[in-house]
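Here is a short briefing on one protein chain. Please keep the sequence and the model open as you read.

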Amino acid sequence: MAFTDPIKRMGEAFADIAMEYVPDPYVLVILLTLIGAVSALLVGTSPTGVMDAWFGGVWTLLVFMAQFSLTLMIGDAIAKSPAVSRFLRRIADLPNSQFTAVALTSFVAMVAGLISWAIGLIVGAVIARQVAYRGKQKGLKLHYPLLIAAGYTALMIWHSGITTSSGLIMADPSAIPSTFPDYAQEGIPLGQTVGSTVNIVTVALLLCIIPSVMGSLHPDKLENITELPDNVYNEIETRLQTTKDGSVDTKVTTDGGIAQSTMADRFNHSRLLGLIIAIFPAYYFLSDVVQSGLGAINLNTINAFFIFCAIVLWVTPKAIVDQMNSSVENVAGILFQFPFYAGIAGLLTGTALAATIAGFFADIATPLTWPVLGLISAGIINVFVPSGGGQWVAQGPILLETTRELGMPLYTAVVIEMMGDQLTNMIQPFWAVPALALAQLRARDILGYTTVAMVAGFIVMAITMTLFLGI
């Protein structure tokens with residue numbers, strides 16, 4: 001009781017603030033653009049310089065946008081595949097208390113986030129819905145917005161996992177931007193970033209602490225509990241009743257087989273055709289890894305592997321295309337907002353704004369304090385540029401230079417950006433757009449709870465980064 005009461009009170013306070021002041025994600029990007037523009041003016045940029053800097057950045061992240069959108073679509077397809085859906089439903093049936101329901105949702109989402117930010121994001125939303133659904137069937141009163149918030153904690157650990165943006169960029173010398181200093185052009189192996197002791201220990205602690213913190217936030221009073229809405233419950237119920245495995249519906253004959261009245265139908269439902277194409281992305285992935293080792297893994301390699309997984313999980317061409325038609329809906333909000341965040345990145349890098357923010361922390365940093373001060377600066381930048389890769393392109397040179405001047409290993413800069421980027425995702429709802437759409441909630445419904453997760457995560461990261469990097 002002594003442990004959970006302060007956490008619960010903090011969650012209630014942050015939830016009240018979020019409900020009052022947090023706008024929808026698109027409104028937030030407008031506000032952040034205005035704040036960035038005014039801040040650029042304050043550091044000496046002319047009005048035309050501000051507009052030029054915004055326009056100079058607005059299309060610079062098109063490659064990242066395409067890669068991340070594909071990752072999100074594939075991740076959604078994998079998370080909703082028949083085999084994964086069955087697995088998640090079995091897990092959702094395990095909790096028998098409010099605490100375990102929320103804690104398990106957070107843990108499953110975070111583990112999935114280490115595999116892929118996109119898979120973690122969708123798995124988090126799917127498992128949260130399934131846990132809420134099973135809880136309602138059992139008569140277990142579960143706070144639905146908190147479950148969705150617990151699912152979103154996948155985004156607080158993802159950068160420490162396989163799809164780490166800054167880590168993958170630095171692991172591939174050909175992907176390192178020319179704007180980066182010469183001494184960093186040879187790259188930094190993943191073993192020094194994702195495989196570092198500080199990252200492994202931080203991940204282990206987050207997996208232990210964050211689910212417990214989220215579980216402790218569950219309201220006690222019935223009047224404070226918002227259960228799974230009836231329309232969402234009925235949607236899940238209908239989906240489970242119409243398809244035995246929860247997958248996309250297919251046209252079936254009276255004897256239960258796939259309708260194949262024409263040659264085109266046979267092609268569309270051909271398992272052979274569906275699986276044989278998987279050879280190509282599998283070869284791309286394996287050839288890179290076999291020839292160059294794990295250091296060759298980059299965003300394209302990861303996407304090739306996930307394409308292979310999605311093809312194998314959905315089997316037939318029609319099944320995977322039907323699912324992709326559904327999955328693309330999750331990308332719409334992000335696609336529209338991405339250029340605006342790229343414009344904000346332009347405001348940071350095309351003016352003195354980013355250098356001013358990073359320079360403020362760098363000027364007062366010592367080798368002991370730099371990891372935490374860098375963590376804070378990276379967290380601030382992430383609010384304005386919530387793309388891990390985009391943020392590294394914008395802030396990486398400054399972090400690298402400061403790290404080098406302090407005589408610290410270069411991988412320190414990458415770890416700082418990894419941690420700072422994922423930390424403030426908990427108050428930046430950009431990546432929550434697909435999960436919120438799936439959950440039929442708004443950003444303000446979950447950000448109060450995820451803010452508590454951010455506070456707990458900051459304490460963990462500050463301690464581990466000071467111990468393993470500063471000292």
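Val315 sits in the loop that links helix H16 (299–314) to helix H17 (317–327). Its phi is positive, about 70°, although Val315 is not a glycine. The model is a predicted one.

**Loop residues with positive phi**

- Is Val315 buried or exposed? Val315 counts as buried, because its relative accessibility is 17% and the cut-off for buried is under 20%.
- Gln440 also has a positive phi, about 60°, and is not a glycine.
- The loop that holds Gln440 runs between helix H23 (433–439) and helix H24 (443–470).
- Gln440 has a relative accessible area of 40%, so it is partly exposed.

**Helices H6 and H7**

- Helix H6 covers residues 98–115, and its axis comes within 7 Å of the axis of H7.
- The two axes cross at roughly 160°.
- H6 and H7 are therefore roughly antiparallel to each other, since angles over 145 degrees count that way.
- The H6–H7 crossing is right-handed.
- On the H6 side, the contact is made by Ala101, Thr105, Val108, Ala109, Ala112, Gly113 and Ile115.
- On the H7 side, the partners are Trp117, Ile119, Gly120, Val123, Gly124, Ile127, Ala128 and Val131.
- By type, the residues of this H6–H7 contact are 11 nonpolar, 4 polar and no charged.

**Helices H20 and H21**

- Helix H20 (residues 370–384) packs with helix H21 (residues 388–405) at an angle of about 160°.
- The axes of H20 and H21 are 11 Å apart.
- The angle is why H20 is roughly antiparallel to H21.
- H20 passes H21 in a right-handed crossing.
- H20 contributes Trp370, Ser377, Ala378, Ile381 and Asn382 to the contact.
- H21 meets them with Gln391, Gln395, Leu399, Thr402 and Thr403.
- The contact of H20 with H21 has 4 nonpolar residues, 6 polar and no charged.

**Thr403, a residue of H21**

- Thr403 belongs to helix H21.
- Thr403 counts as buried because its relative accessibility is 0%.
- Which residues does Thr403 touch, not counting residues up to four places away in sequence? They are Trp370, Met408, Pro409, Leu410, Thr412 and Ala413.

**Ala354, a residue of H19**

- Ala354 lies in helix H19, which spans residues 353–363.
- With 8% relative accessibility, Ala354 counts as buried.
- Leaving aside neighbours within four places in sequence, Ala354 is in contact with Leu348, Thr349, Gly359 and Ile398.
- Ala354 and Ala394 are 40 residues apart along the chain, yet their C-alpha atoms are separated by 7.7 Å.

**Nonpolar cores**

- How many residues does the largest nonpolar core have? It has 140 residues.
- Met214, Trp392, Trp431 and Ile446 have the most contacts inside this core.
- Helix H7 (residues 117–138) supplies the largest share of the core, 13 residues.
- Another core, of 5 residues, lies apart from the largest one. Among its residues are Ala40, Val50, Ala53 and Leu347.
- Beyond its neighbours within four places in sequence, Met214 is in contact with Val102, Ser106, Leu146, Ala149, Ala150, Thr153, Tyr449 and Ala453.

Methods:
Residues numbered from 1 in each chain as written. Predicted model: local features only at pLDDT ≥ 70, side-chain atom pairs only at ≥ 80, totals over all residues. Heavy atoms only, no water. Axes fitted to C-alpha atoms, helices over the stretch in contact; angles between N-to-C directions. Helix = DSSP H or I, 4+ residues; strand = E, 2+ residues; numbered from the N terminus. Parallel < 35°, antiparallel > 145°, perpendicular 65-115°, else oblique. Left-handed = near helix turned anticlockwise from the far one by under 90°. Contact = heavy atoms within 4.5 Å. Nonpolar A, V, L, I, M, F, W, Y, C, P; charged D, E, K, R; others polar. Buried < 20%, exposed > 50% of the residue type's maximum accessible area, 1.4 Å probe, protein only. Core = buried A, V, L, I, M, F, W, Y, C linked by side-chain atoms within 4.5 Å.
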